[in-house]
Amino acid sequence: MASPQLSQNKLLRVGIIQGDRILEEHHLLRDDVTIGHDAKNTIVLPPSEDLPAKFALFENRNNQYQLVFDDTMHGRVHLGSSDVDLERIRKQGLAQERGTDYVLPLQESARGKVDLGNDITLFFQFITPPPESEKVKLPADVQGGFWKTMDRVFFTILAVSLLFHFAWGAFIFASAPPPEPEVALDQLDDRFVAAMIPQKQPEPEKAAEAPQAAAEETPDKKEDKKPTSEDKGDSKPKDAAEHKAEVVKKVQGKGLLKILGSSGSGTRGAFADVLGGSTGGGEIAEALAGAGGVGVATSDVLGANGPKGGGSGKVASIGDLGTTGGGKVDLGAKKEVAVEGRVKDAAPEVESADVDRDALARYVKARLKAIQNCYEKELKRNPSLKGKVVVRFSIKPSGRPGDIDIEENTLGNEAVGSCIRTVIRSWVFPFKPDDEVPVAYPFVFSPAG
């Protein structure tokens, strides 16, 4: 038969005793009580074969606590007016069976103990919480107000400073800036004038290009000049030989012909000087007079003149030299060689029972990928890098690591050890020891290939 529910102001008091020493005590209102070696339990115990990692010893269901135990647990519970062993409760059916566990509802008067092994005993009982003490109020004449509690000297200095700054700001805002006097151009410095008014660059003098014949011509001669038969257009057509001679005479003193061979009495051109006087200006004009264009050498022309040189050959055209077909060259895409390493962690050395070695190993193994990244970063530079690194650190009561040092490093690479220290410094362990716990953790590195 189920007992009545607990009153809302009753607290469950749970204490852990080892020998004659009280280890810890909890006062709970509606929270469940779990025991085991897992760090998330309400009561953390040393590892034991009889207890799992987490076991709910007290459960709060519908505002009523109930004791949960199994066949391996021993203890006594005060029910009503007598104490009853847990074994007797199981045999007489006073507790409800739930799989391999037994559930016993507890009344407000219930109390008892449960043996947890390793000379550790858990005691429990229900207590009434102590009344909250009322806050002591001082008399009205003793209580200080805002003005009494304020430092009057400081407040006076602050008020004067604010008043001074406000008045000075208002004065600056109200006062208009003085007008700037206008400066004439003759009062400015030369460099400012040059910057404001750019000087006009002098124009280059134009060389007078007037033909000598036009300069010598006077206005009188221009008036006496009469149109010739060529201007009137009624002259007779000249024969081809006479017309060709006139054209040669006109272009003989122009451009390239003037350089190659100049005409005139006793004058020799540059071409005549180069050839040692073998050719005169007239001969060059006659030689160039019949030039009608530029000829293009073909295979027929070259073949007609015969092969040049000491051997025989054949003239090939552009078509004979053409190639057929095509191809494609695949240069491939740029790929980065994947480098992978293995990291093995051995059992850590823990110098205190406050930190479970297996739980610490599971915590580190879940974050082993970050340690592997430190090794693979240097493995890319040295593919034969392998060895062992032993890291020594301490776990503080807050769960943070402290005093991280590299105790052994057979890799011969300081960068890996420095990276591992940085990774471990960011961890928060699920342990809260009373004092700092020294730990030595080994890592073995080797290339995956």
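Select β2 (21-28) to start: this strand gives the largest share of the lining of the largest pocket, three residues. Strands here are DSSP runs of E, at least two residues long, numbered from the N terminus. You are looking at a predicted model, where local features need pLDDT of at least 70, side-chain atom pairs count only at pLDDT 80 or more, and totals for chains, interfaces and linings use all residues. Residues are numbered from 1 along each chain as its sequence is written, and side-chain values use heavy atoms, without hydrogens and water.

A pocket is an open set of points on a 1 Å grid over the protein atoms alone, where a 1.4 Å probe fits, with protein on both sides within 12 Å along at least five of seven lines; lining residues have an atom within 4 Å of a point. To find the centre, pick Val44, Leu45, Pro46, Ala353 and Asp354, the closest to it of the 26 lining residues. The space here is about 780 Å³, a volume filled by probe spheres set on the points.

The open sheet has six strands in the order β4-β3-β5-β6-β10-β9, with mixed pairing; two strands pair if DSSP finds at least two bridges between them. Show β3 (residues 33-36), which runs parallel to β4 over two bridges, and spot Ile35 opposite Ile43.

Finally, click Thr100, in the loop between β9 and β10 (101-105). Is Thr100 buried or exposed? Thr100 counts as exposed because its relative accessibility is 63%, and exposed means over 50% (1.4 Å probe, protein chains only).

Key
Helix = DSSP H or I, 4+ residues; strand = E, 2+ residues; numbered from the N terminus. Buried < 20%, exposed > 50% of the residue type's maximum accessible area, 1.4 Å probe, protein only.
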